[in-house]
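Q: Could you take me through the reading of a sheet, its packing helices and one of its residues?

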Amino acid sequence: MPRYELALIVKAMQRPETAALLRRTVETLMERGAVVRGLENLGEKLLPYKISKHNERHTRGGYFLIDFHAAPGIVTGLLDHLERDIDVVRPTVLKNDPEPSNGPCCGPPVASKLQDTV
């Protein structure tokens, strides 16, 4: 299963309501077969611009990152579900690529090319 990162901007709420939203979101992921690896709170900040969502205008929001592994087929359904959640201002799913290998990527090193010409 590929690794994904869910970036959430949620409306500014008190701590219990935010915790309930995050619990709902993580439970939704697990019900759909995802394995949640981490949750990171990036804090509440001013939004870069006003966002209108569910007949409300938002100027502040809480930023969260959820790291998870899931089958590619659940991503569109998950985004559709989060778009309908009245507490979520902006959901974004990003695919995390595996760590790059330490092997050569583009041919021999530059130093060996210089030695051949001298």
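A: Two strands are taken as paired if DSSP finds at least two bridges between them, and helices (H or I, at least four residues) and strands (E, at least two) are DSSP runs numbered from the N terminus. This is a predicted model, in which local features need pLDDT of at least 70 and side-chain atom pairs count only at pLDDT 80 or more, while totals for chains, interfaces and linings use all residues. Residues are numbered from 1 along each chain as its sequence is written, and side-chain values use heavy atoms, with hydrogens and water left out.

Q: In what order do the 4 strands of the open sheet lie?

A: The order is S2-S3-S1-S4, with antiparallel pairing. Strand S2 (35-53) and strand S4 (88-96) each have a single partner strand, so one side of each lacks a neighbour in the sheet.

Q: How many bridges join strand S1 to S4?

A: Antiparallel strands S1 (residues 3-11) and S4 are joined by 8 bridges; in one of these strands, S4, Pro91 is the bridge partner of Leu8.

Q: Which strands does helix H1 touch?

A: Contact means heavy atoms within 4.5 Å, and helix H1 (residues 15-31) packs on the sheet, touching S1, S2, strand S3 (56-69) and S4.

Q: Is Lys53 buried or exposed?

A: Buried means under 20% relative accessible area, exposed over 50%, and partly exposed in between (1.4 Å probe, protein chains only). Lys53, which lies in strand S2, is buried at 16%, and among the residues that Lys53 touches, not counting those up to four places away in sequence, are His58 and Val88.

Conventions: Axes are lines fitted to C-alpha atoms, for helices over the stretch in contact, and angles run from 0 to 180 degrees between N-to-C directions.
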